[in-house]
Structure formats: structure tokens, C-alpha cells
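Subject: Structure handover

Hello,

Here is the structure I promised you. Please open it and keep it beside this email as you read.

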Amino acid sequence: MPDLETRELRYFVAVAEELHFGRAADRLGIAQPPLSRAIRQLEQRLGVRLFDRDRRGVALTDAGRVLLREAGTALDAVTAAARRTRRAGDPARPLVLVTKAGASHELLQRLLDAHAAEPGAAPVEVLLCEVGEQARLLRDGRADVALMHRPFDDLAGFDTEDLHVEGQVALLPAGHPLAARAELTLAEVRDVPGLPIARWPRLDGSYPDGPGPEVRTQSQLAQLVALGRTLLVIPASSRAWQWPDHVAVPVVDAPDVTTVIAWPPNSRSPEVASLIRSAAALRSPAARG
């Protein structure tokens with residue numbers, strides 16, 4: 001069977017995400033008939049049906065769902081190859097380190113200072129993102145390395161080095177009675193009347209069930225906590241973005257969180273290797289095991 005082409009994978013992804021040939025054609029900037037023909041030809045070449053089509057609309061088949069997952073990975077790899085190749089041709093390019101805004105702030109500052117002190121160290125550009133975005137930015141080549149957190153972030157397919165292990169805290173409105181406590185347990189913060197736990201998106205973008213507000217950015221969360229509408233259990237180092245209206249109380253039985261530095265496994269960059277060595281030298285005793 002001939003290799004799949006990136007063009008037909010992009011066509012397929014557009015239809016799979018829109019579940020409508022007309023909208024997908026508009027998104028791609030092409031007419032609908034050639035798009036429909038391309039999808040039929042792709043199905044014929046693969047020998048499977050990718051979409052169920054009826055009067056109610058378009059739906060992915062089981063085979064289609066598999067290809068959507070694999071196509072995204074393949075297209076990210078192609079895009080990443082182009083970006084990394086262009087950057088490799090620029091000797092003055094900085095390394096791009098991506099991390100969640102406000103997370104592991106002290107460790108990040110120590111890493112940047114330690115790396116800058118190394119002779120001939122490449123400059124480092126810090127790319128700040130929201131929750132769950134680091135993996136995508138690494139995979140599509142917009143970042144060279146990332147600070148990520150186990151067990152929350154998607155580390156699949158990356159090489160990693162553990163750097164720091166920490167507990168978690170409950171972030172509460174300053175005027176709430178629980179904010180006066182020296183410590184809390186998970187049971188005590190799960191069902192607080194009038195103060196439900198905020199819901200972050202899972203790795204697949206869906207939200208867990210619950211009464212708490214859906215949040216996607218730390219600025220949303222910060223304001224909702226300050227307004228007395230929600231609370232959240234987060235890694236202790238995330239208090240870097242804490243407002244005066246917030247109080248952080250240790251949650252003694254929350255699972256530990258491990259900060260890792262992650263990079264693509266096929267990276268052969270000496271500059272990336274140098275930054276990883278700088279990071280490894282900062283490992284806390286708990287991270288060394």
C-alpha cells in the first residue's frame with residue numbers, strides 16, 4: 001500500500017473534527033467535491049470505512065477514530081521536523097523552554113541562572129502556557145524542552161529527568177473558615193458547602209463531572225477563588241501566582257507531584273543536552289530517589 005500523504009491526512013482531520021464536509025472544505029479553502037473524492041480514495045486505499053454518512057450527518061467509525069489519533073501524531077511530527085530544521089540552521093537561535101505560567105517558579109529561576117553561568121550556554125527563551133499545553137508544544141516543535149508535572153501532564157513518548165518532588169496545597173478564599181487551618185485533608189476539601197473544587201480539563205480536553213466551575217486558565221481560577229466561588233488543590237510551588245485574596249493550606253494526604261524536565265527522545269541538540277545537565281544538577285534529594 002502506498003504511503004499516506006500529509007495532504008490527505010490534513011483533509012481527513014478537517015472532516016473528522018468538523019463532522020461536516022462543507023465546513024471542512026471551507027476550513028481547508030477548497031471546494032467540497034474534491035474533498036469528498038479525496039476521502040473516498042483514502043478509504044479505498046486503506047480498505048476501511050472512515051466515516052458513516054447518512055441523512056443525519058457524518059460520524060467517525062472505529063477505524064476513523066484510530067486514524068484521527070494517529071494522524072494528529074503524524075502531522076505534529078512533520079510540523080516539528082520542519083520547525084526544528086529551520087531553527088537548527090540559525091546559530092543564534094535560543095532554546096525554547098515551555099512551562100505552565102506560575103508553576104515551579106523558583107526551580108525555573110534556579111535553572112535559568114545555573115544554565116546562564118555555563119560557558120558558551122545558549123540563550124533560553126521561556127514560553128509560558130496554560131495547563132496541559134506543554135506536550136503539544138514539544139510535539140509540534142515549538143519548544144525544545146519543557147517543565148512538566150507527573151501525574152498531571154502527558155509525558156508519553158518523551159525522555160524525562162525528575163527534578164523535584166513536592167506536596168500539594170488547597171488554594172482557598174482568604175475569608176473562608178478553612179483558610180485559618182494549619183493543614184487539611186482531601187476529604188475535608190472535596191465537599192465544602194458553597195465552595196466546590198474547580199474542574200480542570202483532562203488530557204483529552206473533557207472535564208470531570210462535578211458541581212465546580214470549569215476553568216481553563218490560571219487567571220480564571222485566581223479570580224473565582226478570590227470571589228469565593230471555588231477552591232483547588234495544586235502543587236505547592238504553584239503559589240507563585242497566589243493573590244492577596246488567596247490562602248494556601250497544605251493538604252497532608254494529597255499525592256506528591258514530581259516536576260520533570262522533558263524533551264523529545266530523538267533530540268540530538270548539544271544545546272538541549274547542556275540545559276538538561278544544568279537541570280539534573282539541581283535535582284532535590286527526593287527526586288534522586
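Predicted model: local features only at pLDDT ≥ 70, side-chain atom pairs only at ≥ 80, totals over all residues.

First, a definition: helices (H or I, at least four residues) and strands (E, at least two) are DSSP runs, numbered from the N terminus.

**The whole chain**

The chain has 10 helices and 10 strands. Its C-alpha atoms fill a box of roughly 65 × 55 × 30 Å, taken along the principal axes. The chain has 289 residues, and buried ones make up 42% of them.

**Helix α3**

Helix α3 covers residues 32–46, which is 15 residues. At 1.5 Å a residue, α3 should span 21 Å.

Now look at which way its residues face. L35, S36, A38, I39, L42 and E43 are buried in α3. They cover an arc of only 160 degrees around the axis, so they sit on the same side of α3. An α-helix has 3.6 residues a turn, so residues three or four places apart point the same way.

G47 follows α3. The phi of G47 is positive, near 75 degrees.

Strand β10 runs over residues 257–263. Seven of its seven residues are buried, so β10 is largely enclosed by the rest of the structure. V257, T259, I261 and W263 point one way from the strand. T258, V260 and A262 point the other way. Both sets are buried.

Which strands pair with β10? Strand β5 (residues 145–150) is joined to β10 by five bridges, and strand β6 (residues 159–166) is joined to β10 by seven bridges. β5 runs antiparallel to β10. β6 also runs antiparallel to β10. To find these pairings on screen, start with two residues. H149 stands opposite T259 in β10. D162 has V260 in β10 as its bridge partner.

**The largest pocket**

The largest pocket holds about 1,400 Å³ of space. It is lined by 43 residues. Closest to its centre are V131, F152, P201, R202 and L203.

Where does the lining come from? α4 (62–88), α6 (134–139), α7 (186–190) and β8 (232–235) each supply at least two residues. The largest share is five residues, and it comes from α4. By class, the lining has 20 nonpolar, nine polar and 14 charged residues.

Start with the background. Most residues other than glycine have a negative phi, and most peptide bonds are trans.

- L19 is not a glycine, yet its phi is positive, about 50 degrees. L19 lies in the loop between α1 (6–18) and α2 (21–28). Its relative accessibility is 35%, so L19 counts as partly exposed.
- S104 also has a positive phi, near 50 degrees, and is a residue other than glycine. Is S104 buried or exposed? S104 is buried, with a relative accessible area of 3%. The cut-off for buried is under 20%.
- The peptide bond from R150 to P151 is cis, with omega near 15 degrees. P151 is found in the loop between β5 and β6.

R229 lies in the loop between α8 (218–226) and β8. Is R229 buried or exposed? R229 is exposed, because its relative accessible area is 53% and the cut-off for exposed is over 50%. R229 and P265 are 36 residues apart along the chain, and their C-alpha atoms are separated by 42 Å.

L171 is in strand β7 (residues 168–173). L171 is buried, with a relative accessible area of 1%. How far apart are L171 and L4 in space? They are 49 Å apart, C-alpha to C-alpha, and 167 residues apart in sequence.

Best wishes

Terms used: Residues numbered from 1 in each chain as written. Heavy atoms only, no water. Expected span 1.5 Å × (residues − 1). Buried < 20%, exposed > 50% of the residue type's maximum accessible area, 1.4 Å probe, protein only. Arc of directions from axis to C-beta. Pairing = 2+ DSSP bridges. 1 Å grid on protein atoms, 1.4 Å probe; cavity = no way out; pocket = protein on both sides within 12 Å on 5 of 7 lines; lining within 4 Å. Points joined across faces, edges and corners; volume = space filled by probe spheres on them. Nonpolar A, V, L, I, M, F, W, Y, C, P; charged D, E, K, R; others polar.
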